[in-house]
Amino acid sequence: MTQKFLVVSDIHGDFDSANAMAEAFSYHQADQILCLGDILYHGPRNVLPSGYAPKKVIQLMNQYKDKIIAVRGNCDGEVDQMVLEFPITSDYNVLYFENHKIFMSHGHIYSPDKLPPLNTGAAFLSGHTHIPTTTNRDGILLLNPGSIALPKQNHPQTYAILDENGFTIYTLDHQIYMHTNWL
């Protein structure tokens with residue numbers, strides 16, 4: 001049985017968006033959540049999300065602690081790790097899905113413009129820009145689910161599903177926004 005990953009990034013303490021993550025997890029019957037950072041704090045350059053309630057986000061995220069694989073975003077700190085019951089302080093994570101190496105990073109250290117060493121057929125998952133993308137560069141998939149809380153450049157709030165069909169970005173009403181197949 002193939003795994004299905006819900007991919008989210010840039011929650012920024014918005015409880016409504018964390019709830020949308022939980023709802024998408026159930027709706028798609030995902031197996032795990034790949035969280036690309038910026039979980040609790042909205043950051044000095046972002047507007048305060050309308051549903052900003054980091055303490056509620058902590059409670060909700062901790063309910064999924066055994067389902068989350070996360071990386072640290074530029075707005076995440078050691079103090080956040082003290083309240084979250086799953087690891088968030090790694091700058092990157094690597095996992096293998098079917099025949100593909102998947103490199104996860106928030107996007108502020110490694111990014112589509114500063115990739116780690118990857119071979120053809122690999123995928124690079126990042127958030128940080130709040131802009132959903134599915135790009136193939138020299139046989140490497142550059143994938144960004146966008147922001148589930150604070151989208152930029154007139155994009156809607158989005159999340160993604162990573163499965164045997166590829167990488168599909170959805171709006172919060174579960175409509176397909178973008179899709180790319182595996183190489």
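Me: How many aromatic pairs does a search of the whole structure find?
Reply: The search finds eight aromatic pairs. Please note that the model is a predicted one.

Me: Take Y92 and F103. How are their rings placed, and why is the pair called stacked?
Reply: The ring centres are 5.0 Å apart and the planes meet at 15°, so the pair of Y92 and F103 counts as stacked.

Me: Which parts does that pair tie together?
Reply: Y92 belongs to strand 4 (residues 92-97) and F103 to strand 5 (residues 100-105), so the pair ties together parts eleven residues apart in sequence.

Me: And is F103 buried or exposed? What about Y92?
Reply: F103 has 5% relative accessibility and therefore counts as buried. Y92 has 39% relative accessibility, so Y92 counts as partly exposed.

Me: Which aromatic pair do Y92 and Y110 form, stacked or edge-to-face?
Reply: The pair of Y92 and Y110 is edge-to-face, with 5.9 Å from centre to centre and 90° between the planes. Because Y92 lies in strand 4 and Y110 in the loop between strand 5 and strand 6 (123-125), this pair ties together parts that are 18 residues apart in sequence. Y110 is partly exposed, at a relative accessible area of 25%.

Me: Which residues form one aromatic cluster with Y92?
Reply: The cluster consists of Y92, F103, Y110 and F124.

Me: Staying with rings for a moment, what lies over the face of F15?
Reply: That is K56, at 5.5 Å from the ring centre of F15.

Me: Changing topic: how much space lies in the largest pocket?
Reply: The largest pocket holds about 150 Å³ of space.

Me: How many residues line the largest pocket, and which lie nearest its centre?
Reply: Its lining has 13 residues, and those nearest the centre are R45, N46, N74, H128 and K152.

Me: What is the lining of that pocket by class?
Reply: Eight of the lining residues are polar, three are charged and two are nonpolar.

Me: On to helix 2. Which of its residues are buried?
Reply: In helix 2 (residues 54-62), the buried residues are V57, I58, L60, M61 and N62. Their cover includes helix 1 (15-27), strand 2 (32-35) and strand 3 (68-70).

Me: Now some backbone. What is phi of H12, and what is phi of D138?
Reply: Phi of H12 is near 50°, which is a positive value in a residue other than glycine. D138 is likewise a residue other than glycine with a positive phi, near 55°.

Me: Where do H12 and D138 lie?
Reply: H12 is in the loop between strand 1 (5-8) and helix 1. D138 is in the loop between strand 7 (133-137) and strand 8.

Me: Is H12 buried or exposed? And D138, buried or exposed?
Reply: H12 is buried, with a relative accessible area of 0%. D138, at 71% relative accessibility, counts as exposed.

Me: What can you tell me about L141 and its place?
Reply: L141 sits in strand 8 (residues 140-144) and, at 2% relative accessibility, counts as buried. Leaving aside residues up to four places away in sequence, L141 touches A122, A123, F124, T135, N136, T180, N181, W182 and L183. F124, one of these contacts, also belongs to the aromatic cluster of Y92, F103 and Y110.

Me: How far apart are the C-alpha atoms of L141 and L125?
Reply: They are separated by 8.3 Å, and the two residues are 16 apart along the chain.

Me: Where does D91 lie, and which residues does D91 touch?
Reply: D91 lies in the loop between helix 3 (78-81) and strand 4. Beyond residues up to four places away in sequence, D91 touches V71, R72, M104, S105, H106 and I109. R72 is 19 residues from D91 in sequence, and the C-alpha atoms are 5.3 Å apart. D91 is partly exposed, with a relative accessible area of 27%.

Me: Last one: where does Y170 lie, and is Y170 buried or exposed?
Reply: Y170 lies in strand 10 (residues 166-171) and is buried, with a relative accessible area of 13%. Not counting residues up to four places away in sequence, Y170 touches H28, Q157, T158, Y159, I161, Q175, I176 and Y177.

Terms used
Residues are numbered from 1 along each chain as its sequence is written. This is a predicted model: local features need pLDDT of at least 70, side-chain atom pairs count only at pLDDT 80 or more; totals for chains, interfaces and linings use all residues. Side-chain values use heavy atoms; hydrogens and water are left out. On a 1 Å grid over the protein atoms alone, a cavity is a set of points where a 1.4 Å probe fits but cannot get out, and a pocket is an open set with protein on both sides within 12 Å along at least five of seven lines; lining residues have an atom within 4 Å of a point. Grid points are joined across faces, edges and corners, and a volume is the space filled by probe spheres set on the points. Ala, Val, Leu, Ile, Met, Phe, Trp, Tyr, Cys and Pro count as nonpolar, Asp, Glu, Lys and Arg as charged, and the others, Gly among them, as polar. Buried means under 20% relative accessible area, exposed over 50%, partly exposed in between (1.4 Å probe, protein chains only). Helices (H or I, at least four residues) and strands (E, at least two) are DSSP runs, numbered from the N terminus. Contact means heavy atoms within 4.5 Å. Rings of Phe, Tyr and Trp (its six-membered ring) pair if their centres lie within 6.5 Å; planes under 30 degrees apart count as stacked, over 60 as edge-to-face and the rest as tilted. A charge sits over a ring if NZ of Lys or CZ of Arg is within 6 Å of the ring centre and within 35 degrees of the ring normal.
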